[in-house]
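Trainee: I would like to go through this model with you. Please put it up and I will ask about its fold.

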Amino acid sequence: MATMSKPQRTKPTSGSQRLVLLCIAVFAFLLLLSSVISTGKLDLPYQQTLIDYFVRSPRGRRQHTLSEKYLYWGNRIDCPGKNCETCAGLGHQESSLRCALEEAMFLNRTFVMPSGMCINPIHNKKGILNRSDNKTTEEGWVGSSCAMDSLYDIDLISEKIPVILDDSKTWHIVLSTSMKLEERGIAHVYGVRRHRLTESHYSKLLIINRTASPLAWFVECKDRGNRSAVMLPYSFLPNMAAANLRNAAEKIKAQLGDYDAIHVRRGDKLKTRKDRFGVERIQFPHLDRDTRPEFILHRIEKRIPPGRTLFIGSNERTPGFFSPLALRYKLAYSSNFSEILDPIIKNNYQLFMVERLVMMGAKTFFKTFKEYETDLTLTDDPKKNKNWEIPVYTMDERKESAS
């Protein structure tokens with residue numbers, strides 16, 4: 001008589017086994033969802049679906065999700081109505097970039113950042129870095145633009161506002177996905193006020209294209225001069241410098257020790273023109289005077305004691321221009337730190353990023369123009385001035401104007 005074997009008892013599933021099963025189920029769900037969203041392979045060189053890319057994204061980078069929506073605003077940083085060759089400096093372009101980042105914050109969208117930034121040749125002369133050689137040079141850095149991620153830490157910015165670059169795989173995949181979504185994919189919204197973009201018709205779109213012109217950035221940002229309307233402080237982007245630039249600044253600060261700093265902006269501001277009577281006029285009547293060494297000394301001596309180390313950031317390229325200050329202070333320039341900077345600096349915008357970080361770390365810092373009420377400045381001239389006035393070169397303004 002055959003004996004019946006006792007039924008074997010199933011062992012309870014361990015925690016690790018349950019975790020494995022859960023991971024398999026989640027992965028299977030993602031694959032199924034991928035097939036729903038994407039019909040076959042994308043017409044891209046890397047042949048990935050949106051889901052595939054998100055699943056395979058390496059650790060250490062900000063992970064994108066399927067619920068994200070995007071704000072596109074032109075394919076490069078530039079100035080309204082101008083080309084790269086005549087574009088204004090880094091600060092002007094940062095104002096445009098900050099405007100676009102604020103729009104992304106307001107709309108709660110991921111910002112598609114241009115992968116390159118224009119550099120005007122005027123702002124890209126090597127003499128700015130080599131000013132301590134007691135010689136001038138008109139040699140410039142190679143290229144009229146630079147990669148955005150060579151200036152800014154994209155992951156660091158993304159901790160505040162999610163950002164992707166417009167040459168990234170993510171963006172190309174999102175674009176391809178938007179084409180398949182048809183009317184739910186993308187809308188061109190030039191001229192539409194930002195509050196309307198929060199309405200349901202726009203909020204459901206995968207991509208909002210706010211490009212007014214490939215050459216115009218803040219045409220939509222009429223209130224950018226209104227400090228109460230600014231969501232991001234002006235110091236935000238300067239503090240978002242690329243990691244290698246931040247590291248260089250930290251090394252320079254360590255070598256400087258306890259130091260002070262001044263930022264002397266002259267070269268691009270001392271533009272004069274003659275009125276109908278042939279009289280020279282300038283938008284900053286005291287700037288040329290106030291940024292000369294003898295007047296700088298008069299301005300800072302009460303705040304910065306003698307013998308202190310004074311770091312000077314400036315676009316003034318005249319050899320030995322600041323030498324008179326050496327009678328009272330130990331002068332330091334970026335050119336004194338060539339071992340740190342030469343391996344990483346490829347253009348003056350990168351140099352400006354490092355210099356700003358160094359100047360912000362100073363015990364006492366004098367700017368050229370006042371931005372905030374608490375700022376120490378070298379001149380009392382307003383940073384923005386539409387009037388053209390007769391320049392003043394002496395301390396006795398009455399005597400100057402009468403002559």
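Mentor: The protein has 12 helices and 14 strands, where helices (H or I, at least four residues) and strands (E, at least two) are DSSP runs numbered from the N terminus. This is a predicted model, in which local features need pLDDT of at least 70, side-chain atom pairs count only at pLDDT 80 or more, and totals for chains, interfaces and linings use all residues. Residues are numbered from 1 along each chain as its sequence is written, and side-chain values use heavy atoms, with hydrogens and water left out.

Trainee: What is the order of the open sheet of five strands?

Mentor: Two strands pair if DSSP finds at least two bridges between them. Strand 8 (residues 259-264) and strand 11 (residues 309-314), for instance, run parallel and are joined by six bridges. The pairing in the sheet is parallel, and the order is 12-11-8-13-14.

Trainee: Why is one side of strand 12 and of strand 14 left without a neighbour in the sheet?

Mentor: Strand 12 (330-332) and strand 14 (376-377) each have a single partner strand.

Trainee: How many disulfides does the structure hold?

Mentor: A disulfide is a pair of cysteine sulfur atoms within 2.5 Å. For Cys146, the closest cysteine sulfur is in Cys118 at 9.1 Å, too far for a bond. The number of disulfides in the structure is zero.

Trainee: Is Cys146 buried or exposed?

Mentor: Buried means under 20% relative accessible area and exposed over 50%, with partly exposed in between (1.4 Å probe, protein chains only). Cys146 has 9% relative accessibility, so Cys146 counts as buried.

Trainee: How many residues has the largest nonpolar core?

Mentor: A nonpolar core is a set of buried Ala, Val, Leu, Ile, Met, Phe, Trp, Tyr and Cys residues joined through side-chain atoms within 4.5 Å. Leu101, Phe111 and Phe311 are among those with the most contacts inside the largest one, and its size is 59 residues.

Trainee: Which helix gives the most to this core?

Mentor: Helix 3 (90-107), helix 7 (243-256) and helix 11 (348-360) are among the elements that each supply at least two residues. With eight residues, the one that gives the most is helix 11.
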